[in-house]
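Subject: Structure for your review

Dear colleague,

Please find the structure below, handed over for your records. My findings are set out after it.

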Amino acid sequence: LKLLEYLPDDAARIRVELMLRTTEHAVATVLHGLASHERQRVIERMCELGERLGETEVQLHGLVNLAYVYFPRGEALQTLEIGARCLKLAEGEEDSGMLSSAHLAAAFGAHACGHLDDAVSHYQEAILQAKRAKGRGFVGPLDPWTASATQLSCVLQLLGRSAEAVALAEEGLSHAREVQNLFSLGHGETVVGGWLHKYRREPEIVRTHAETTITLAEEYGFPEWRVWGIFNRGWARAELGEVEKGVAEMEEGIAGFAPLGGVPGKQFALALLAHGYQRLSRHDQALAIFDQALAHVERSGEMLDTAEILRLKGELLLARDGLPDAERCFRAAIELAREQKARWWELRATVSLARLLAKQGKRDEARAMLADIYNWFTEGFDTADLKDAKALLDELPRSLSEKYKFATLRHDY
């Protein structure tokens, strides 16, 4: 790069520098992480060079990578804006690899903002274009096929499409193993273990993926995936009864996020840590973290898991005898989940609210609202959340009107 100073300042020199910056970018990604300032510095220079050349492909290359900086930082609105610019630049392009990367960037923004339907559309298009590209022309360090499939599995889970989510997650991981893209495999293991199966409350599976991620990261030098593996293993241990040890590992993982420049879903991770603090009766610490996380998502637009953060805060307030505030949190979580069509978060928040209403003697209201969301589901009945909802429904007696309807149906039959 220093030798470039001796070359004429023309298009040929710009192309040589772009080639060198591409190598520098790959090194910065592996050594420092997707959201690192070292990586951002290189990408911003690549964007500047692309604008000077005025070539769509070069400019798109820079913008897609810039989206891969802001998404891990939890800057959802900025990611959404950059993703839209990527799609605009890609209009009319016939390169499937470039199109796949552009749709992945747009999907990241929609996903982080909680625009679930848009995220599904972009992830699906990214997968389609990636299959057409057959490994050629991708932008950035992530294989769009693996990244889109694993990320989409999490969106589908929130939308209540459990069986499809699990199948797609395995497809994404299998593809990463097949093409031997180790960085993307680490990302996929992190997403599937750290988000999908965490959403499904399957700590044994989360722990297995976490240990696989840690081993892979330590062998090949991926600090980003290593700290996620530590955090996810900690969450699993806490869920399986080793609360103090689990919380300590979660703290270690979160401490490791800072040198990376940030990670996607950090506020949700903080909320899970706060829930761990609640289990250890460290209520003041937990409440401060919940408030911090909610303030951040309000500013950044990273609304994906906000409904669940609100529900977890409500559970803490309930433990502190703050019934009115807890109820407000549960209702706010339900309202937001409905806006996003996040049926999984709606179910979980409704279970929490129904339990509270039942204790207040409002059993008919509790049963009616819980039955409404439970009956929406057609799959996933082997998951902990739907089992909990069914158990609570069985505890709540039918209202007189429901009993009359049921008796009438039996008589007619």
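Predicted model: local features only at pLDDT ≥ 70, side-chain atom pairs only at ≥ 80, totals over all residues.

Helix H2 comprises residues 37–53 and helix H3 residues 56–70. Their axes approach to within 8 Å and cross at roughly 155 degrees. Angles over 145 degrees count as roughly antiparallel, and H2 and H3 are therefore roughly antiparallel to each other. Their crossing is left-handed. On the H2 side, the residues making this contact include Arg 39, Ile 43, Met 46, Cys 47 and Leu 53. H3 contributes, among others, Val 58, His 61, Leu 63, Leu 66 and Tyr 70.

H3 also packs against helix H4, which runs over residues 76–90. Here the angle is about 160 degrees, and the axes are 9 Å apart. By the cut-off of 145 degrees, H3 and H4 are therefore roughly antiparallel to each other as well. H3 passes H4 in a left-handed crossing. Among the H3 residues in this contact are Thr 56, Leu 60, Val 64 and Ala 67, while those of H4 include Ile 82, Arg 85, Cys 86 and Leu 89. Leu 63, Leu 66 and Tyr 70 of H3 are named in the contact with H2 and also in the contact with H4.

Helix H19 consists of 12 residues, 384–395. At 1.5 Å a residue it should span 16 Å, and its end C-alpha atoms are 17 Å apart, which agrees. Which residues of H19 are buried? They are Asp 385, Leu 386, Ala 389, Leu 392 and Leu 393. These residues cover an arc of only 125 degrees around the axis, which puts them on the same side of H19. On the other side of H19, Asp 394 and Glu 395 are exposed. The buried residues of H19 pack against helix H9 (182–199), helix H17 (343–359) and helix H18 (363–374).

Individual buried residues

His 197 lies in helix H9. With a relative accessible area of 7%, His 197 falls under the 20% limit and is therefore buried. Not counting residues up to four places away in sequence, His 197 touches Val 192, Glu 202, Ile 205, Val 206 and His 209.

Ser 148 is located in helix H7, residues 144–158. Ser 148 is buried, with a relative accessible area of 0%. Leaving aside neighbours within four places in sequence, Ser 148 is in contact with Leu 104, Tyr 123, Ala 126 and Ile 127.

Pro 203 belongs to helix H10, residues 203–220. Pro 203 is buried, its relative accessible area being 10%. Residues up to four places away in sequence apart, Pro 203 touches Trp 235, Ala 236, Glu 239 and Leu 240. The C-alpha atoms of Pro 203 and Leu 216, which stand 13 residues apart along the chain, are separated by 20 Å.

Yours sincerely

Technical notes: Residues numbered from 1 in each chain as written. Heavy atoms only, no water. Helix = DSSP H or I, 4+ residues; strand = E, 2+ residues; numbered from the N terminus. Expected span 1.5 Å × (residues − 1). Buried < 20%, exposed > 50% of the residue type's maximum accessible area, 1.4 Å probe, protein only. Arc of directions from axis to C-beta. Contact = heavy atoms within 4.5 Å. Axes fitted to C-alpha atoms, helices over the stretch in contact; angles between N-to-C directions. Parallel < 35°, antiparallel > 145°, perpendicular 65-115°, else oblique. Left-handed = near helix turned anticlockwise from the far one by under 90°.
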